[in-house]
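Please read the following points alongside the sequence and the structure.

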Amino acid sequence: MSASTPAPDSAVAPTTGHAGPAGSRRPWGTTAKYLLLGLGAAAFLFPFYYMIVGSLRKTTTGDLSSAAPSGLTGTNYTAVNGAISLGRSLLNSGIMTVGVLLCTLVFGVLAGYALAQLHFRGRGTVFASLLLVQMVPFQLLTLPLYVLVVRDYGLGDNYIGMILPFAINSTAVFLFRQFFLQMPQSLFEAARLDGAGELRILWKVALPMARPAVLTAMLLTFIGPWNEFLWPFLVTKDADKQPLAVSLASFLSNLQGTVANPTGALLAGACVLAAPAVALFLLFQRHFTSTDIDSGVKG
């Protein structure tokens with residue numbers, strides 16, 4: 001028995017010797033990983049830094065990195081507000097974005113549920129057409145849409161005219177369809193056995209579990225119309241109806257000579273334009289990875 005006692009020590013010793021180099025290499029790999037992530041984050045955040053600091057500088061001369069707190073001012077925001085009325089432009093952007101958002105969610109949820117859960121003739125053709133529409137750039141449809149909306153419908157300088165081309169978002173329809181397809185079919189079958197109609201099933205069963213899809217569709221839909229420039233620029237000639245992105249372009253073309261620091265004023269307007277989208281993403285990003293599907297099948 002005493003002769004066999006040193007055996008475990010001799011067996012453990014080589015393992016410990018091999019673990020040492022591996023353990024010493026692990027911190028280097030972790031350091032390199034965080035270094036690369038830090039560089040990527042710095043490259044991503046630098047445009048925001050440039051935009052914010054540039055919007056607070058008194059003049060356009062000098063290096064942004066040398067800006068001292070005493071050299072920063074908020075006069076650029078006052079200047080751009082006096083030139084294009086930030087409040088009115090923000091209101092126009094908000095009206096267009098909320099209108100597009102409501103239409104996208106309503107039509108997206110209804111169409112996505114129908115394509116996922118209802119069986120009707122031509123469902124595959126409708127879905128194939130949906131995928132085909134996603135391949136067509138919006139710029140190719142701009143001219144016929146302009147003729148239809150502005151000339152035929154007479155919706156120029158009108159909020160409805162700005163919202164109408166974006167009322168149905170094929171990406172949102174596809175997103176909701178895929179999400180509803182992943183839900184357990186037993187939930188829908190049980191609801192139908194209880195005598196519930198399809199709209200009631202959609203409202204009571206599907207939507208409560210589709211919160212991640214709804215939040216994702218909201219964020220994707222918000223960014224699109226909020227930053228949209230081409231279509232509102234074509235259909236709105238009245239400055240009181242133009243969203244902020246169009247107003248900033250008009251400022252750059254016609255009104256930059258009315259302020260002392262045109263670049264700073266333009267960057268100030270860009271900060272105002274970017275702030276809601278950034279705030280919305282930071283507020284809802286934690287919900288994107290969550291799902292309530294499993295809670296519906298417990299027990």
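Which residues of H13 are buried? The points below begin with that question; the model discussed is a predicted one.

1. The buried residues of H13 are Gly 264, Ala 265, Leu 267, Ala 268, Gly 269, Cys 271, Val 272, Leu 273, Ala 277 and Leu 280.

2. The length of helix H13 can be checked by simple reasoning. The helix comprises 23 residues (residues 262-284), and at 1.5 Å a residue these should span 33 Å. The C-alpha atoms at its ends are 34 Å apart, which agrees with the expectation.

3. Helix H13 also has a kink of about 30° at Ala 274, shortly before the proline Pro 276.

4. The second largest pocket holds about 200 Å³ of space. Its lining consists of Phe 44, Leu 45, Phe 48, Leu 219, Ile 223, Ala 277, Val 278, Phe 281 and Leu 282. Helix H1 (6-56), H10 and H13 are the elements that each give two or more residues to this lining. H13 gives the most, with four residues. By class, the lining has nine nonpolar residues, no polar and no charged.

5. The largest pocket contains about 640 Å³ of space. Of the 24 residues that line the largest pocket, Pro 165, Phe 166, Ile 168, Asn 169 and Ser 170 lie nearest its centre. Two or more lining residues come from each of helix H3 (86-117), helix H4 (123-134), helix H5 (138-152), helix H7 (170-182) and helix H10 (211-227). The lining of the largest pocket divides into 16 nonpolar, seven polar and one charged.

Technical notes
Residues are numbered from 1 along each chain as its sequence is written. This is a predicted model: local features need pLDDT of at least 70, side-chain atom pairs count only at pLDDT 80 or more; totals for chains, interfaces and linings use all residues. Side-chain values use heavy atoms; hydrogens and water are left out. The expected span of a helix is 1.5 Å times one less than its number of residues. The bend at a residue is the angle between axes fitted to the seven residues ending there and the seven starting there. Buried means under 20% relative accessible area, exposed over 50%, partly exposed in between (1.4 Å probe, protein chains only). On a 1 Å grid over the protein atoms alone, a cavity is a set of points where a 1.4 Å probe fits but cannot get out, and a pocket is an open set with protein on both sides within 12 Å along at least five of seven lines; lining residues have an atom within 4 Å of a point. Grid points are joined across faces, edges and corners, and a volume is the space filled by probe spheres set on the points. Ala, Val, Leu, Ile, Met, Phe, Trp, Tyr, Cys and Pro count as nonpolar, Asp, Glu, Lys and Arg as charged, and the others, Gly among them, as polar.
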